[in-house]
Amino acid sequence: MLDKSFDPAAVEARLYKGWEDSGAFAANPASPAKPFTIMIPPPNVTGSLHIGHALTMSVQDMLTRFRRMQGRDALWQPGTDHAGIATQMVVERLLGSQGLDRRTMGREAFLQHVWEWKGQSGGTITRQLRRLGASLDWPRERFTMDEGLSKAVREVFVTLYRQGLLYRDRRLVNWDPVFQTAISDLEVESREVKGSLWYLKYPVEGQPDRFLTVATTRPETMLGDTAIAVHPTDERFADLVGKNVILPLTGRRVPVVADEYSDPEKGTGAVKVTPAHDFNDFEVGKRHGLAMISVLDADAKVTLAEIGASLTTDGGDPDFVRGLDGMDRFAARKAIVAKLEELGLLDKIEPHVNQVPHGDRSGVPIEPRLTMQWYVDAKTLAQPAIKAVETGQTTFVPRQWENTFFAWMRDIQPWCVSRQLWWGHQIPAWYAPDGEVFVAKTEEEAAALAREKFGRDVTLVRDEDVLDTWFSSALWPFSTLGWPDKTPELSKYYPGDVLVTGFDIIFFWVARMMMMGIHFMGEVPFRHVYIHGLVRDEKGQKMSKSKGNVMDPLELIDAYGADALRFTIASLTGPGRDVKLGRKRVEDFRSFGTKIWNAARFLEMNGIAADKAFDPATATLPLSRWILDGANRAVAEATAALEAYRFDEYANACYRFAWGGFCDWFLEFAKPVLNGTDEAAKAEVKGAAQHVFGTILKMLHPAMPYITEELWHLFGYGPECTLIRETWPGATDVRDAEAAREELDWVVSFIGEVRAVRAEMNVPPSVTVPLLLSGASGTTLGRADRWIDVIRRMARATEVKALDGAPPKGVAQIVVGEATVMLPLADVIDLAAERARLAKARAAAEADARKVEAKLANADFVARAKEEVVEENRERLVAARAEMARLDAAMARIAG
């Protein structure tokens, strides 16, 4: 006997262990089955399961379980990323709490601590993924610093270097002064900062009392200015182009150049150019051959190493400038502004709000810094990737993300792949005493290259930098399968079928996997890229700790079970839109699981059990044929939705059929048969019921694996832990399905419309009324007669009969098919009061609609309001209009 209710906490761990121990998640390279491959976006080894993980992993698991049930040899490749800077930060903080410092202990000792931490604490997220029900092939789990993956990294680095696609260069990078390393754009977040715009006066050389004024947010970098730029068409400065100004404080002469980067409408129209400390200025500097002078060091403190010799007393103040040496950038800013004001070279100061890039982990403003780094020629590697998407070898879902991909890839810059960290793949490059670099897979190979070069052994020193985490992640689709070795896994599971990820890493990860996959494997790494949205709260606001609206998926699983969370995610995940997730939604979908469980208990109490001998093609009763046909159509809809990555449509198809078609209608229709004396009819309905319930469990399994697996076993469809291995349902033969569909759909529509009217008119459930049919055909009257017992019970009707004569006064009426159905309510409710109530509700809905329309018509409101607020108002307007239409229809149903 089934328990009264389903208890997720009591079964989830047991079922998951059964699946994992039995090898149910395992791919089999020796299998002749067609492969299906998904590569997990490897979560950081430092990470723990957050709501974004819950979204992407649920989607991937649904696809994997679906394809596995279709008979595909499914590989969902698990693994974690070493997450260079994040992991180093965690371990450094841990050591700091013990009074230890990595620089004091040295590289080898520090890395030993990192590996120890990884062994003890690095598996948190993989354990949490099991809580979610993720059916990853765990024995194949990889780590981006496994020896096999490290071998692939060295192979790729050396190959790209020898092909001229990887090189060293001195360029600007995002520099984190706390971690003292270059960081990627993904590790930079813009924050709105209230600051100032300083207007600084630069004396024009040879023209006493004439100044060129520039507006800047960064006075502290002026020591590194090497030009002033004005727009070529700006007549205000036309006579100064080609002339020089004197750089205040240093006395250095800098040219005035004409460049379109300068915007005549912003500030003064003239901008200072500091190529070593601004990305835009760097490009201006390259165009005009300007010197690139660094004036801030790795700690973001003033350094005079590159300007000391150029200090003059002619227009400068060498002593003041020397006093800045070693000063923090922000302290230097204050000192420089004060000095300029003292010299009369500060024109004015304006309040200014701007977006300042910060390190997402250090929390401090990053510095554009000119350093020698390793770069990949991304522009060359991008061309085949662009072509692959243009020709459809890889498609994005939704397709509009292809435009984002193209925009980034067609304007791609050299990719800085070196990081000044200790944790990561150390760059396989060694330097001779004269600075000559030797790139090789091993130190022995590098020594051999040096010996060949110099004719003798020389002392080599290895590059201390490590590779950007995204470098090893870019190889994930093939390095995890054993490349560069030729393995059975590599030949079978590459390329993958689909990659599931968020839009925020299309460039950082998706594009780089495309570039590396095509270059080293000769074909794209995946055929489809499914891009999902962000998880927001129920109001559409981005989740953040400061707002207090962050949802913990593990807490939701503890409260409602993994199935409820997964099905909620599925129901809300549509193409091109964010997921608005609230606790109430998860609670509501737990009720869906309860509905399925209660349906199983009803079947069990009525003697219905699994019956493999039942043949749907033998069903003769309209009720049996109707539900079997409905199952066929639901399966077709669910299958098409999953194949098109429409998870919301898949969930809705399952929900409508399981809750509506099966539980609310079929089981109610079946009660008279099950309680009747016609044994043949009873046997057939039982057979159809167990067959369709089994189909429902199969359909729901990708989204709700736990409750479906438990019921599959308890209900007798198979031994424990076998639903995951079952075949995805297909269509069954149903005799004369169309006729059964027409008849039962009419009954459902008839009862549903009567119920709706009763609810709208607030008719008490205890009150029964006759149903009068006007204009009904013989077919309709025959159906009403055949199903009168069900109609009486479910529509709360005393009888159904054709209208004889004129309709009575005080009826509510609806149209079902060709007939008008009338409910005499004059003696049951106060129709005048109902009309008044509906009219009042309609007026309120209209007033709300007008109020929102006025807001949305206000251009100022739309411009100033946050996007989610505007969207919330649009949704509110749609809802108000829908309510108006519903109330109009309700009032129209009340006859005089």
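**Entry 1: a hairpin.** I began with β5 and β6, which form a hairpin with 4 residues between them, and I noted that Gln-180 in the turn has a positive phi of about 55 degrees. What I am reading is a predicted model, in which local features need pLDDT of at least 70 and side-chain atom pairs count only at pLDDT 80 or more, while totals for chains, interfaces and linings use all residues. Residues are numbered from 1 along each chain as its sequence is written, and side-chain values use heavy atoms, with hydrogens and water left out.

For my own use I wrote down that helices (H or I, at least four residues) and strands (E, at least two) are DSSP runs numbered from the N terminus, and that two strands pair if DSSP finds at least two bridges between them. By that rule β5 pairs with strand β6 (residues 181–183) in the antiparallel sense over 3 bridges, and Asp-176 has Thr-181 of β6 as its bridge partner. I then followed strand β5 (residues 166–176) to strand β14 (residues 367–376), where the pairing is antiparallel over 10 bridges, with Tyr-167 partnered by Tyr-375 in β14.

**Entry 2: an open sheet.** Next I looked up a sheet of 3 strands, which is open, has the order β8-β7-β13 and is paired in the antiparallel sense. Because β8 (211–216) and β13 (346–359) each have a single partner strand, they stand at the edges, and one side of each is left without a neighbour in the sheet. Neighbouring strands here are turned by 20 degrees against each other on average, direction ignored; the axes are lines fitted to C-alpha atoms, for helices over the stretch in contact, and angles run from 0 to 180 degrees between N-to-C directions.

I counted 13 bridges between strand β7 (residues 188–203) and β13, where Lys-194 stands opposite Val-353 and Gly-195 stands opposite His-352. Towards β8, β7 has 6 bridges, again antiparallel, and Lys-201 stands opposite Thr-213.

**Entry 3: two helices.** I turned to helix α22 (residues 647–674) and helix α23 (residues 679–700), whose axes come within 11 Å and cross at roughly 165 degrees. The two are therefore roughly antiparallel to each other, since angles under 35 degrees count as roughly parallel, over 145 as roughly antiparallel, 65 to 115 as roughly perpendicular and the rest as oblique. Among the residues that make the contact (heavy atoms within 4.5 Å) I listed Phe-657, Phe-662 and Phe-666 of α22, and Val-685, Val-692 and Phe-693 of α23.

**Entry 4: buried residues.** I looked up Asp-61, which lies in helix α2 (residues 51–69) and is buried, with a relative accessible area of 0%; buried means under 20% relative accessible area, exposed over 50%, and partly exposed in between, with a 1.4 Å probe and protein chains only. Leaving aside residues up to four places away in sequence, Asp-61 touches Trp-76, Gly-133, Ala-134, Ser-135 and Arg-566.

Last, I checked helix α26 (residues 778–786), in which Thr-780, Gly-782, Arg-783 and Ala-784 are buried. The elements covering these buried residues include α25 (737–760), β26 (769–774), α27 (788–795) and β27 (797–802).
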